[in-house]
Amino acid sequence: MLSRLVLIFAAIALSGCVSTVLDVDTKSSQPIPASLVADMKRRSMKPTDPVVVRIFKQESELEVWKRDRSGKYALLKTYPMCRWSGKLGPKKRNGDRQAPEGFYAVSASMLNPKSQYYLSFDLGYPNKLEAALGYSGEALMVHGACSSSGCYALTDDGVAEIYAVVREALSGGQRSVQVQAFPFRMTPQNMAKNRNDPNYAFWQNIKVGYDLFEVTRQPLQVGYCGSGYAFQSKPLQSFPSDPMAACPALELTTDPLVASKQEADERVVQALLERGVPASAYAYSDGGMHPVFRKMLESGGPDRLARKTSKTKVPISRPDAALADPYSADSAN
């Protein structure tokens, strides 16, 4: 019986980062730290104001943006990620260890207060577009512990803080928290460096959403059509129910400020190419971690890093692969 349970657990784990019940405690109800609440107050924000989460693989960072008194969203805090798995690029199939890239909506029902990895929330992968493309996988999460099998992992302290911020925004009336997951910060420099990657067309598509948020500082209105994402600064209307159907041309009018940014970015990309900026050739063995944790892993080993980052004694996932990741200071723009 024990061996059968082990096999079942292993099969489930391939699909994503499993969240199972541990001892019931109050970690999910702990308040937002007083220092962060004070920071919100200085920025004309309330704990119940809506939030947007942005994730960047290459930089191994998670950002929390919060609406302020002006009605726009401002960066509240950036958290270093302890581990993500796979490579740059979207998740496509069950068991590929890819952390997803795209746009997701996290509702209150997707918060898991009893996660094996301290606390977690489900991203909702696959979204409507990914499902239409035939992508598979489940239980792709943001959670604690420095371990990943398709998830985005932070320290237990980090995820506890993010969990509390998301929980309070949802309790304040936000229907769902938008999570935007990117391969890297979508600067002209990074786009130029990654121009030869097979995922480049997909990245050009999601860069439209990145640019729209950069310009408007508002959550994205996300639609699906033409086997890709479509974005507007105003509510989308009359998009086809099938994400593979053609996009209605009249509804794809881009915000003029976004169009201006994209044109400026493209000029920078072309200038970089003319100067012979080399294309990156990232060969991730299995995901990465923020430089602060890489340094700790290099100096103290996986057991020490696990003790420093997790209360649940979860081992560091594939530490050798994390140390083998290509990283240089000029790759984080």
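Buried means under 20% relative accessible area, exposed means over 50%, and partly exposed lies in between (1.4 Å probe, protein chains only). The legends below describe a predicted model, in which local features need pLDDT of at least 70, side-chain atom pairs count only at pLDDT 80 or more, and totals for chains, interfaces and linings use all residues. Residues are numbered from 1 along each chain as its sequence is written, and side-chain values use heavy atoms, with hydrogens and water left out.

**View 1. A stacked pair of rings, Phe56 and Phe182**. Both Phe56 and Phe182 are buried. Rings of Phe, Tyr and Trp (its six-membered ring) pair if their centres lie within 6.5 Å; planes under 30 degrees apart count as stacked, over 60 as edge-to-face and the rest as tilted. There are 11 aromatic pairs in the structure. In this one the ring centres of Phe56 and Phe182 are 5.7 Å apart and the planes stand at 20 degrees, so the pair is stacked. Phe56 belongs to strand β1 and Phe182 to strand β10, so the pair ties together parts that are 126 residues apart in sequence. Strands (E, at least two residues) and helices (H or I, at least four) are DSSP runs, numbered from the N terminus. Phe56 and Phe182 also belong to a cluster linked by ring pairs, together with Phe103, Tyr210, Tyr224, Tyr229 and Phe231.

**View 2. An edge-to-face pair, Phe184 and Trp203**. Phe184 and Trp203 are both buried. Their ring centres lie 5.1 Å apart and their planes are at 75 degrees, so the pair is edge-to-face. Phe184 sits in the loop between β10 and α5 (188-193), and Trp203 in helix α6 (residues 200-216), 19 residues apart.

**View 3. Strands β1, β2 and β3**. Two strands pair if DSSP finds at least two bridges between them. β1 and β2 are antiparallel and share 6 bridges, with Glu61 in β2 as the bridge partner of Phe56. The two strands form a hairpin with 4 residues between them, and Ser60 in the turn has a positive phi of about 50 degrees. β2 is also joined to β3 by 7 bridges, and these two strands run antiparallel. Across this pairing, Leu62 stands opposite Tyr79 in β3. The hairpin of β2 and β3 has 5 residues between the strands, among them Gly71 with a positive phi near 95 degrees. Of the 7 residues of β2 (residues 61-67), 6 are buried, so the strand is largely enclosed by the rest of the structure.

**View 4. An open sheet of 5 strands**. The order of the strands is β4-β9-β8-β7-β6, and their pairing is mixed. β4 and β6 (111-112) are the edge strands, each pairing on one side only. β6 runs antiparallel to β7 (residues 120-122) and is joined to that strand by 2 bridges. Asn112 stands opposite Ser120 in β7.

**View 5. The disulfide of Cys82 and Cys146**. A disulfide is a pair of cysteine sulfur atoms within 2.5 Å, and by this rule the count is 2 disulfides. In the pair shown here the sulfur atoms of Cys82 and Cys146 are 2.1 Å apart. The link is left-handed, with -95 degrees about the S-S bond. The pair links distant parts of the chain: Cys82 lies in the loop between β3 (73-80) and β4 (83-84), and Cys146 in the loop between β8 (141-143) and β9 (152-153), 64 residues apart. Cys82 is buried at a relative accessible area of 0%, and Cys146 is buried at 1%.

**View 6. The disulfide of Cys225 and Cys247**. Here the sulfur atoms of Cys225 and Cys247 are 2.0 Å apart. The torsion about their S-S bond is about 105 degrees, so the disulfide is right-handed. Cys225 lies in strand β11 (residues 221-225) and Cys247 in the loop between β12 (228-232) and α7 (256-274), so the pair ties together parts that are 22 residues apart in sequence. Cys225 is buried, with a relative accessible area of 2%, whereas Cys247 is partly exposed, at 29%.
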